[in-house]
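Please look over the structure shown below.

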Amino acid sequence: MWRLAAVAAVMAAPAVAEDIVEARYDGPTTRYAHAVLGDDIEWGELVLETDAGRTVRFVLPDERVFEDVAPRLFDVDGDGDNEVIVVESHREVGARLAIYDTDGLVAANEYIGRPNRWLAPIGVGAADFDNDGFVELVYVDRPHLAKTVRVLRYIDGELRFVASFPGVTNHRIGERDIAGGIRDCGQGPEMIVASVNWERVLALGFKDLKFKLDIVGPHEGRESFARAMACE
């Protein structure tokens, strides 16, 4: 009787939370012919490593790939453990922003709607821009075409569209990285992006559903973005 009670107690105990400490793409594939990042290789798998020493692997179906430079760790839901922000692309409807945890897909926005249409997250892709306890996810929608910042908010397990700002970009076709990022120079988070003609580096703030745009300086290569990110 004692042994049965002990077993029942173990089974009823809550699972120990795991934090994601590392994420990477794997399963290189050429099944999505877009090459926006400079070559024909995209990724079919997402691999997560946890602080418990566990490896979790997610394999996408053939119609989807991770069209991205690297997964981004961020505590999106505020529970103290990281989720992973990625860019997924579908061969018929293009890219979307998605969030994963160790159980799989948590949330995603709508696909852009056409193949070979991409989006570029800004830096780690997320911050609480208005200090209200909800995380905003930010990216440039079609940085070579629409050149528009989109702001999504993660609430109750969903990504909800909040606002957009046109006339900026953070990527040129063929570049292997995404320019800029999210900085905080003491006035709250700001998005560091480029003007559409790549002549200027810009700082874009977002608070109370309003954007604030400042010119940081002339664009002189990636060093310009590095200086802006360092608040110089």
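Which residue in S12 does Leu-152 stand opposite? Leu-152 faces Phe-161 in S12. This is a predicted model, in which local features need pLDDT of at least 70, side-chain atom pairs count only at pLDDT 80 or more, and totals for chains, interfaces and linings use all residues. Residues are numbered from 1 along each chain as its sequence is written, and side-chain values use heavy atoms, with hydrogens and water left out.

**The sheet**
- An open sheet is built from four strands in the order S9-S10-S11-S12, with antiparallel pairing.
- At its edges are strand S9 (119–127) and strand S12 (158–166), each of which pairs on one side only.
- On average, neighbouring strands of this sheet are turned by 25° against each other, direction ignored.
- Strands here are DSSP runs (E, at least two residues), numbered from the N terminus, and two strands pair if DSSP finds at least two bridges between them.

**S11 and S12**
- Strand S11 (residues 148–155) runs antiparallel to S12 and is joined to S12 by eight bridges.
- Arg-150 is set opposite Ser-164 in S12.
- The two strands form a hairpin with two residues between them, and Asp-156 in the turn has a positive phi of about 50°.

**S10 and S11**
- Six bridges pair strand S10 (residues 136–141) with S11 in the antiparallel sense.
- Val-140 is placed opposite Val-149 in S11.
- Six residues lie between the strands in the hairpin of S10 and S11, where Arg-142 takes a positive phi near 45°.

**Burial**
- S11 is mostly covered, with seven of its eight residues buried (under 20% relative accessible area, 1.4 Å probe, protein chains only).

Technical notes
Axes are lines fitted to C-alpha atoms, for helices over the stretch in contact, and angles run from 0 to 180 degrees between N-to-C directions. Buried means under 20% relative accessible area, exposed over 50%, partly exposed in between (1.4 Å probe, protein chains only).
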